[in-house]
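Student: I have a new model open and would like to talk it through with you. Shall we begin?

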Amino acid sequence: MPFGSAAEQSIADRLLLDRVLQQRSAHWKPHDAAIDPERSGVIMTGPRAGTRVADLRGRGCVAPLLIDPAAYIRHKATAETPFIVPTDRLGGVEWEICAQRNAGADAAITPTGHIAADDTAALRAVVRKAVTLDRDGVIVALPIHTDWLRPASFDVLFEACRAIPHVKAVIPSGQFDPIALTSRIQNLRRLVGTLDDVAVIRTDLAAFDAVAHGAVFAAIGDSSFLRHAVPPDQRAWRSSLDDGTPDILVPLLMRYNSGLEVAERYAAVEPPRCACSTCLGRDLARFTTDSKDCKAEARAHNVAAVAPWHAELLAEPAGHSRRRWWRHHCALALARYDDVSRNINSLDGFRIPGALRVWATVPLDAGSSFGLG
Ligand SMILES: [Zn+2]
């Protein structure tokens with residue numbers, strides 16, 4: 001997927017193209033999920049990310065490593081201050097970029113504040129500041145409220161992305177599953193499919209939808225905290241009681257549930273076994289405590305379980321074949337819900353994620369007028 005001349009190839013084209021990175025928190029106990037040096041890598045997230053990246057490098061990790069300072073978690077972008085750096089550090093965003101590189105990151109991610117819905121002044125300030133930064137080795141984070149993907153707002157977002165010459169990393173934010181609506185999924189597909197230097201990070205299985213539809217790369221969070229950002233003035237809402245156990249991916253259903261919920265639903269029948277490099281055939285009903293070890297193992301499973309999907313996706317030629325593979329993969333999962341709900345003898349079964357239904361059912365040519373064909 002060329003973008004720009006050969007002399008202008010960016011870090012994403014050389015190193016990150018087609019990768020689905022693991023997004024991890026530097027705050028929590030590290031886990032040891034395998035990092036595929038050919039297809040994956042890590043975005044370490046949060047204030048101690050530099051230390052963790054240096055540690056991974058020290059242990060011989062040769063996969064791409066990035067640092068997301070995640071300023072958008074606590075700060076809004078404003079027309080005056082689109083990028084957030086600590087006030088005791090001179091040098092502003094350029095200092096932050098140098099610090100990430102010095103820590104061993106392959107490229108620097110800007111400390112962009114959260115861009116609130118329809119805050120066009122803040123979005124334009126991000127563009128104005130971004131164009132002053134070196135292009136190579138800098139990824140401009142765009143932590144956007146998902147309302148920017150509404151039909152009424154999308155054109156402004158699209159033009160802003162086009163005006164930034166760097167690789168852009170879109171970070172969708174909102175409550176619950178913020179991009180489960182058909183129109184927002186289709187607009188995100190248009191963005192990554194029309195511009196060839198847009199990534200989608202800190203997201204869930206939408207990372208695969210993005211890469212299948214032309215994103216330069218993507219990153220999937222290994223925990224619920226890193227699969228969705230929420231605006232800085234809000235707390236994340238949960239659709240069920242927080243039972244303290246980690247959320248785990250149920251690969252057959254392509255959905256996340258708390259470990260305790262999975263164990264309870266499969267209490268009367270054989271729980272599914274997982275062949276990922278973390279589980280090695282063990283069942284998924286074992287994530288039932290709130291211990292650090294249980295949570296670390298759950299995070300390792302969450303990223304390891306999707307590695308085979310990524311290999312299968314990339315085995316397809318970029319373009320229609322990848323989109324068709326992804327849609328078929330989602331349709332197979334969708335078709336399993338009735339059987340699974342009947343077998344586990346649960347009154348409410350498993351709810352089908354809204355995004356999965358869209359990925360599995362929207363016709364592939366729905367975005368062809370925007371250059372997806
Ligand atoms: Zn597993």
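This is a predicted model: local features need pLDDT of at least 70, side-chain atom pairs count only at pLDDT 80 or more; totals for chains, interfaces and linings use all residues.

Student: Which residues and atoms coordinate the zinc ion?

Tutor: The donors sit at 2.1 to 2.3 Å from the zinc ion. They are Cys274 (SG), Cys276 (SG), Cys279 (SG) and His301 (ND1).

Student: Is Cys279 buried or exposed?

Tutor: The cut-off for a buried residue is under 20% relative accessible area. Cys279 has 0%, so Cys279 is buried.

Student: What is the arrangement of the four donor atoms around the zinc ion?

Tutor: Four donors qualify as tetrahedral if all angles lie between 85 and 135 degrees. Here the angles are 101 to 121°, so the arrangement is tetrahedral.

Student: On to the strands: how many of them form the closed barrel?

Tutor: The order runs β1-β2-β3-β4-β5-β6-β7-β8, with parallel pairing. From one strand to the next, the twist averages 25°. The number of strands in the closed barrel is eight.

Student: Which residue in β5 is the bridge partner of Ala108?

Tutor: Strand β4 (residues 107-109) pairs with strand β5 (residues 138-145) in the parallel sense, over two bridges. The β5 partner of Ala108 is Val138.

Conventions
Residues are numbered from 1 along each chain as its sequence is written. Side-chain values use heavy atoms; hydrogens and water are left out. Donors are N, O and S atoms within 2.8 Å of the metal (3.2 Å for Na, K and Ca); water is not among the atoms, so sites may look incomplete. Four donors count as tetrahedral if all angles lie between 85 and 135 degrees; four count as square planar and six as octahedral if opposite donors are over 155 degrees apart and all others between 65 and 115; anything else is irregular. Buried means under 20% relative accessible area, exposed over 50%, partly exposed in between (1.4 Å probe, protein chains only). Two strands pair if DSSP finds at least two bridges between them. Helices (H or I, at least four residues) and strands (E, at least two) are DSSP runs, numbered from the N terminus. Axes are lines fitted to C-alpha atoms, for helices over the stretch in contact, and angles run from 0 to 180 degrees between N-to-C directions.
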